[in-house]
Amino acid sequence: MRMSYRVCVVCMGNICRSPMAEVVLRKTLADHGLGDAVSVDSAGTGGWHQGHPMDERASAMLADHGYDGSSHRARQFLAGWFGQVDLVLAMDTDNLRALRRLAPAGSDVRLFRSFDPAAPPGAEVPDPYYGDREGFADVLEMVRAASKGLAEHLSRALRR
């Protein structure tokens, strides 16, 4: 199995969706036996939350479901990271476009939900920031489904 495959999940501010996805994806990959083969990180296309912890509602939703997001600190995705990351996953099409503008030719930049076999083409993970607890619960379910699909994809791809 190829070692050290790197994934970065990206949303706008790196305090809600992408850190939730980072935590869930890391656990899902470990459950699939890929914890040592795949590293997971997250970032935002904007830098206004750099250094801040995860949104309290996102962290609480994760904790309610047995995940720990307490160590997260927001970061901004930088163009130079493309040389260090194998797969960049955007949470929505706005961030996908922003990332593709930064990406050198040949970079693998996709929508996160493209790995959820039940999601329609172009499906996004909506930003729950201005909503209520229900929005964070919805994001968690979307993230879980896409994480499972990505883990299954990487299990096949990295074992070649």
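Me: Is Arg 17 buried or exposed?
Reply: Keep in mind that this is a predicted model. In it, Arg 17 has a relative accessible area of 2%, and since buried means under 20%, Arg 17 counts as buried.

Me: Which helix is Arg 17 found in?
Reply: Arg 17 is part of helix H1.

Me: And what does the side chain of Arg 17 make a polar contact with?
Reply: With the side chain of Asp 92, at 2.7 Å. Leaving aside neighbours within four places in sequence, Arg 17 also has contacts that include Cys 11, Met 91, Asn 95, Pro 126 and Asp 127.

Me: Which residues does the UniProt annotation "active site" cover?
Reply: According to that record, an unreviewed entry, they are Cys 11, Arg 17 and Asp 127. These residues are spread over 117 residues of sequence, yet they cluster in space, with a largest C-alpha distance of 8.5 Å.

Me: Which of these residues does the lining of the largest pocket include?
Reply: Cys 11, Arg 17 and Asp 127 are in that lining.

Me: Tell me about Cys 11. Where does Cys 11 lie, and is Cys 11 buried or exposed?
Reply: Cys 11 sits in strand E1. Its relative accessibility is 3%, so Cys 11 counts as buried. Not counting residues up to four places away in sequence, Cys 11 touches Arg 17 and Ser 18, plus Ala 43, Gly 44, Thr 45, Met 91 and Asn 95.

Me: Changing topic to the sheet: in what order do the strands come?
Reply: The open sheet has 4 strands in the order E2-E1-E3-E4, and their pairing is parallel. Strand E2 (38–44) and strand E4 (109–111) are at the edges with a single partner strand each, so one side of each has no neighbour in the sheet. On average, neighbouring strands are turned by 25° against each other, direction ignored.

Me: Over how many bridges do E1 and E2 pair?
Reply: Strand E1 (residues 5–11) pairs with E2 over 7 bridges, in the parallel sense. Within that pair, Val 9 stands opposite Ser 42 in E2.

Me: Last one: which strands does helix H1 touch?
Reply: Helix H1 (residues 17–31) packs on the sheet and touches E1 and E2, with its direction at about 175° to that of E2. Helix H3 (residues 93–102) packs on the sheet as well, touching E1, strand E3 (87–90) and E4, and the direction of H3 makes about 175° with that of E4.

Key:
Residues are numbered from 1 along each chain as its sequence is written. This is a predicted model: local features need pLDDT of at least 70, side-chain atom pairs count only at pLDDT 80 or more; totals for chains, interfaces and linings use all residues. Side-chain values use heavy atoms; hydrogens and water are left out. Two strands pair if DSSP finds at least two bridges between them. Helices (H or I, at least four residues) and strands (E, at least two) are DSSP runs, numbered from the N terminus. Axes are lines fitted to C-alpha atoms, for helices over the stretch in contact, and angles run from 0 to 180 degrees between N-to-C directions. Contact means heavy atoms within 4.5 Å. UniProt positions are given in the numbering used here, feature names are shortened, and annotations may be inferred rather than shown by experiment. On a 1 Å grid over the protein atoms alone, a cavity is a set of points where a 1.4 Å probe fits but cannot get out, and a pocket is an open set with protein on both sides within 12 Å along at least five of seven lines; lining residues have an atom within 4 Å of a point. Buried means under 20% relative accessible area, exposed over 50%, partly exposed in between (1.4 Å probe, protein chains only). A polar contact is a pair of N or O atoms within 3.5 Å; within protein, one must be able to donate a hydrogen and the other to accept it, and residues adjacent in sequence count only if both atoms are side-chain atoms.
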